[in-house]
Amino acid sequence: MMQIYALQGSRLQMDRQYRRCRQALAEELGVEPAPETEALYRRLLAAPLPPVAGEAPVPASPTWPLAGREEELSRMARALERLALGREVVLGLEGPPGIGKTRLAQEVLRLSHQRGYQTFLGTAHAAEGQLPYAPFVEVLRQALRTNPADSELLPTELRAHIPELPAGGAPVLTGDPLAAQGLLFAAVWRFLARRATHSPLVLVLEDLHNSDEGTLHLFHYLVRQAVESPILLLGTWRSEPEPPQALKQLIHSLEGLGLHSLSLKPLTQSAHRDLLVKLLGGEVAPVLEQELYRLSEGNPLFALEVTQQLQESGQLARTDEGWHCTGLGSPPLPSSLATLVGGWLVRLSPEALHLLQLIAVAGQTVPLAVLEAAVGPRLADTLEEALRAHLLLEEGLGYRFRHVLYREALYQGLSLARRSILHGELARALEATYPSDPTPHTEALAYHYRQAGKTERALGYLLKAGERATAVYDHAAALERYREALGLGLSGETRAGIWERIGDAHRATGNVHQALAAYREALEATSSPAALYRKLALCAILATDMVNAKTYLHKAEAHLGDTPLERAQLLLVWALYHWHWHEFEQAASEAHEVLNLAEAQGAQVEAQQACELLALSYLPLGRWEEGLHYELKRGLAGWSPEVALATDAHLCLWEYHVYGEDPYRQAQAFIHQVQDHAQAMGNLRCVAVCHYALGSMELLRANFHQAAHHLGRALELHQRIGSPAGEAYTRAREALLHTARGELEAGWQAVQQGLEAAQEAAVRDHCLARLYAAGLWNRLAAGDPGALHALAEKSRGLEVSGAQCPVCSVQLFPALAAYHLCSGELETALNYARKAKELAAAFQNQSGYAQARWMEGQVLAAQGQAEEAGVALAEAASIFRTLGHAIDLIPRLSDCLPSGTPFLMP
């Protein structure tokens with residue numbers, strides 16, 4: 001019988017059958033079940049629920065009748081009709097607790113199911129430590145139970161959170177943490193898109209106010225990808241209290257992507273009356289109706305629970321005039337849900353009350369096994385009492401409150417001391433239940449031990465929770481766990497280690513300045529600073545703060561240990577330092593030494609990084625074969641975080657070192673060769689970068705058709721692999737291409753799309769500099785003073801907040817010079833042109849130097865300094881000819897300067 005119930009997917013019936021067997025053997029024979037029976041029970045309990053191929057899961061029955069939501073239902077119906085046409089729909093439901101968000105979402109699921117759509121529901125539960133991507137994991141589990149097909153599309157990192165799936169799958173092939181999150185998102189999108197080819201897909205994500213930031217980012221990513229796909233994404237969140245900042249940012253961003261947001265208001269008195277009639281099955285006397293409306297204030301859940309309490313207590317009677325409250329005067333109804341729940345609690349035994357308090361502390365759903373470990377042998381009787389009170393629901397082998405408000409009312413009524421004790425009990429129960437592998441419950445254990453005030457236990461689990469979040473690229477969640485660890489008040493090396501982890505998380509997401517601040521905090525608490533100085537140097541390099549980078553590198557050397565691996569790690573940063581100074585021979589020499597040390601130590605990561613730096617050093621030198629050798633030697637391991645950030649920051653740096661037609665053809669042949677190898681190995685990131693390089697080169701030579709082809713392909717691949725930096729850079733190039741062709745609105749749209757992608761990029765400031773430059777040229781051509789002023793202000797803010805990049809800033813400063821030239825601010829224009837010239841000269845950026853000299857000549861001409869202007873323009877023209885550029889960004893965009901502005905072509 002246990003096997004039959006398990007095959008039917010009914011674990012609860014299977015468990016009850018086992019317990020009946022155990023009880024009968026004990027009472028009649030005084031023995032335990034046979035070892036074979038125990039083994040079968042454990043195996044069935046651990047087995048995944050069987051899939052039901054070809055069937056969509058049936059939505060849960062509605063929790064109460066629907067009333068007063070005709071307008072919202074009409075909008076939902078139109079949305080489902082749009083979905084039938086194969087178009088994406090994004091809906092949002094917001095409102096205070098109990099207002100009916102869940103009920104309306106249930107109605108959407110029911111109507112979708114009637115139409116034959118696939119429906120899935122995921123919920124972000126409170127008090128569960130904000131598990132990474134929890135609502136989407138719930139959705140994926142439902143989808144795989146419905147049909148296990150396409151599970152191979154899900155990466156290894158995500159499969160670890162889906163117990164129904166065996167270990168396996170392909171890992172995310174990149175070491176760049178932010179790009180890795182994009183790759184993970186892309187894998188989820190491919191899985192859902194594959195499912196949507198069969199029939200429209202309806203995903204409901206409930207209680208987003210409880211979710212981690214990774215869930216919100218994934219929601220946003222899916223909205224952007226599903227524009228032409230039959231997928232409906234419906235999110236619900238509470239408007240009271242104020243939503244978290246991350247959720248508010250998501251809502252704001254989604255409003256620009258077609259979000260249809262419905263803010264649910266309290267029911268009108270007429271709609272409230274209709275709800276009562278449906279609840280009670282008949283008319284309601286006016287006195288009772290008015291009193292219930294006064295108490296509920298139009299909140300459907302409050303009305304439902306108050307009415308049910310009156311029925312269960314026998315205080316309602318039906319007469320010819322309808323339902324009314326028995327007794328004299330107004331009915332003694334509770335004034336709030338907290339009072340209502342309190343009325344139930346006082347009738348419970350101490351054991352049942354303790355059980356409910358434990359479940360309130362635990363969160364929404366608590367497994368039976370955890371409750372057994374916490375409560376002991378009297379659990380069955382205590383559970384029955386709690387279930388009879390209609391406060392709990394059984395869900396398989398777990399228990400939860402009938403509504404989250406019940407849990408909140410009970411939890412808020414506990415004293416701080418009582419909460420602390422209960423959190424400790426629950427944490428110990430979780431450890432006792434999962435002694436061999438508590439990993440899936442790390443976040444919950446960290447949360448409960450922290451709330452219990454158990455510092456050492458909390459620290460261990462908080463650090464593990466941060467590592468788990470990092471493993472699935474939810475860096476915001478990792479940072480939150482590490483900040484919680486800091487809040488434990490520890491000192492010394494422990495505190496230093498936490499700050500170092502915070503710095504690592506910031507660096508992984510490109511927040512270089514926050515990483516620098518965190519590493520400095522770590523320095524204050526440690527006596528072993530070598531690794532911290534190395535990381536500070538790396539961050540300074542990424543922020544283009546080369547003076548401090550060198551200082552940190554020397555300090556790292558002064559504290560360096562004796563191991564070859566430490567030496568290799570420091571040399572890597574030295575090589576990156578010299579690479580940023582365009583000292584490619586020195587960078588290559590240091591990278592060779594790193595490679596020898598790493599291979600001797602079997603250090604694969606450091607060897608891979610050395611190969612990347614060797615490739616990046618040889619390419620600008622025109623040593624294509626050597627560069628290709630090390631690019632191929634790097635293999636399929638993916639991009640390391642440090643070097644990947646540098647590559648994104650100077651995407652295709654070698655385009656500035658291709659002088660004349662013969663080297664150009666050599667570079668073009670090399671890129672095609674790299675592209676062929678990368679395609680064969682499946683390295684889509686490398687293919688995307690190659691297309692970007694080819695598109696940039698064709699643009700500089702006025703081959704617009706070829707440039708559009710390569711840039712379009714690069715954009716497609718960057719979006720596919722989830723690289724926001726790559727998308728932002730390509731959008732900037734596209735904007736310049738459209739502007740050069742006179743397609744001004746298309747160019748401006750490319751700028752706007754690029755700015756949106758840049759917000760998610762690890763090298764955000766670099767992306768913004770390029771996009772602001774492209775936007776300034778575009779709006780100069782369009783004659784849009786309002787947009788020009790806004791872009792100039794943002795550019796100045798970017799200039800003040802960060803260091804100057806020798807590639808990106810050299811693109812931005814000439815555009816700012818042109819803006820100020822057109823505004824008649826000649827001194828400011830000349831200042832920007834000369835800043836660009838000095839920066840380009842310092843970093844040997846010939847193309848950037850020519851652009852800056854050309855702009856300097858224009859400003860000098862406007863000032864009446866004809867001789868100096870002629871020298872500057874002649875030098876710029878000579879460099880353009882040497883580079884073999886038929887078009888360069890500034891000369892080609894000469895029509896961006898309005899009529900009447902002095903303008904001289906070189």
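Reader: How many bridges pair β9 and β10, and in which sense do they run?
Author: This is a predicted model, and in it Glu-394 has Tyr-399 as its bridge partner in β10. β9 and β10 pair over four bridges, and the sense is antiparallel.

Reader: Which residue in the turn of the β9-β10 hairpin has a positive phi?
Author: The hairpin formed by β9 and β10 has two residues between its strands. With a phi of about 60°, the residue in the turn is Gly-396.

Reader: What is the order of the strands in the open sheet that includes β10?
Author: Besides its pairing with β9, β10 (residues 398-401) is joined to β8 by three bridges, and these two strands run antiparallel. Within that pairing, Thr-365 has Arg-400 as its bridge partner, and Pro-367 stands opposite Gly-398. The three strands form an open sheet in the order β8-β10-β9.

Reader: Why is one side of β8 and of β9 left without a neighbour in the sheet?
Author: The order of the open sheet is β8-β10-β9. β8 (365-367) and β9 (392-395) therefore stand at the edges, and one side of each lacks a neighbour because each has a single partner strand.

Reader: Are the residues of β10 that point to either side buried or exposed?
Author: In a regular strand, side chains alternate between the two faces of the sheet. In β10, Gly-398 and Arg-400 point one way, while Tyr-399 and Phe-401 point the other way. For these residues on both sides of β10, the state is buried.

Reader: Which helix lies across β8, β9 and β10, and at what angle does it run to β10?
Author: Helix α16 (residues 368-375) also packs on the sheet, where it touches β8 and β10, and its direction makes about 70° with that of β8. The helix that lies across β8, β9 and β10 spans residues 350-362 and runs at about 85° to β10: it is α15.

Reader: Which strand is joined to β1 by seven bridges?
Author: β1 also pairs with strand β5 (residues 260-263) in the parallel sense over four bridges, and there Leu-93 stands opposite Leu-262. In the pairing with seven bridges, the strands run parallel, and Gly-95 has Arg-238 as its bridge partner. The strand in question, residues 231-238, is β4.

Reader: How many aromatic pairs does a search of the whole structure find, and which geometry does the pair of Tyr-133 and Phe-185 have?
Author: The search finds six aromatic pairs. For Tyr-133 and Phe-185, the centres are 6.0 Å apart and the planes make 85°. An angle over 60 degrees is the cut-off for this class, so the pair of Tyr-133 and Phe-185 counts as edge-to-face.

Reader: How many residues apart in sequence are the parts that Tyr-133 and Phe-185 tie together?
Author: Tyr-133 lies in the loop between β2 (118-123) and α6 (134-146), whereas Phe-185 is in helix α8 (residues 177-196). The pair therefore ties together parts whose separation in sequence, in residues, is 52.

Reader: Which residue joins Tyr-133 and Phe-185 in a cluster of ring pairs?
Author: Tyr-133 is buried at 1% relative accessible area, and Phe-185 is buried at 4%. Ring pairs link these two with a further residue, Tyr-221.

Reader: What is the distance from the charged end of Lys-835 to the centre of the ring of Phe-813?
Author: The charged end of Lys-835 sits over the ring of Phe-813. Its distance from the ring centre is 4.9 Å.

Reader: How many disulfides are there?
Author: A disulfide is a covalent bond between the sulfur atoms of two cysteines. The cut-off for counting one is a pair of sulfur atoms within 2.5 Å. Among the cysteines, Cys-325 is buried at 11% relative accessible area, and Cys-822 is partly exposed at 24%. By the distance rule, the count of disulfides is zero.

Reader: How far apart in space are His-475 and Ala-508, C-alpha to C-alpha?
Author: His-475 lies in helix α22 (residues 475-486) and counts as buried at 4% relative accessibility. In sequence, His-475 and Ala-508 are 33 residues apart. In space, C-alpha to C-alpha, the separation is 7.9 Å.

Reader: What share of the residues in the protein chain is buried?
Author: The protein chain has 43 helices and ten strands. Among its contacts between residues at least 6 apart in sequence, 70% join residues at least 24 apart. Of the 906 residues in the chain, the buried share is 56%.

Conventions. Residues are numbered from 1 along each chain as its sequence is written. This is a predicted model: local features need pLDDT of at least 70, side-chain atom pairs count only at pLDDT 80 or more; totals for chains, interfaces and linings use all residues. Side-chain values use heavy atoms; hydrogens and water are left out. Two strands pair if DSSP finds at least two bridges between them. Contact means heavy atoms within 4.5 Å. Axes are lines fitted to C-alpha atoms, for helices over the stretch in contact, and angles run from 0 to 180 degrees between N-to-C directions. Buried means under 20% relative accessible area, exposed over 50%, partly exposed in between (1.4 Å probe, protein chains only). Rings of Phe, Tyr and Trp (its six-membered ring) pair if their centres lie within 6.5 Å; planes under 30 degrees apart count as stacked, over 60 as edge-to-face and the rest as tilted. A charge sits over a ring if NZ of Lys or CZ of Arg is within 6 Å of the ring centre and within 35 degrees of the ring normal.
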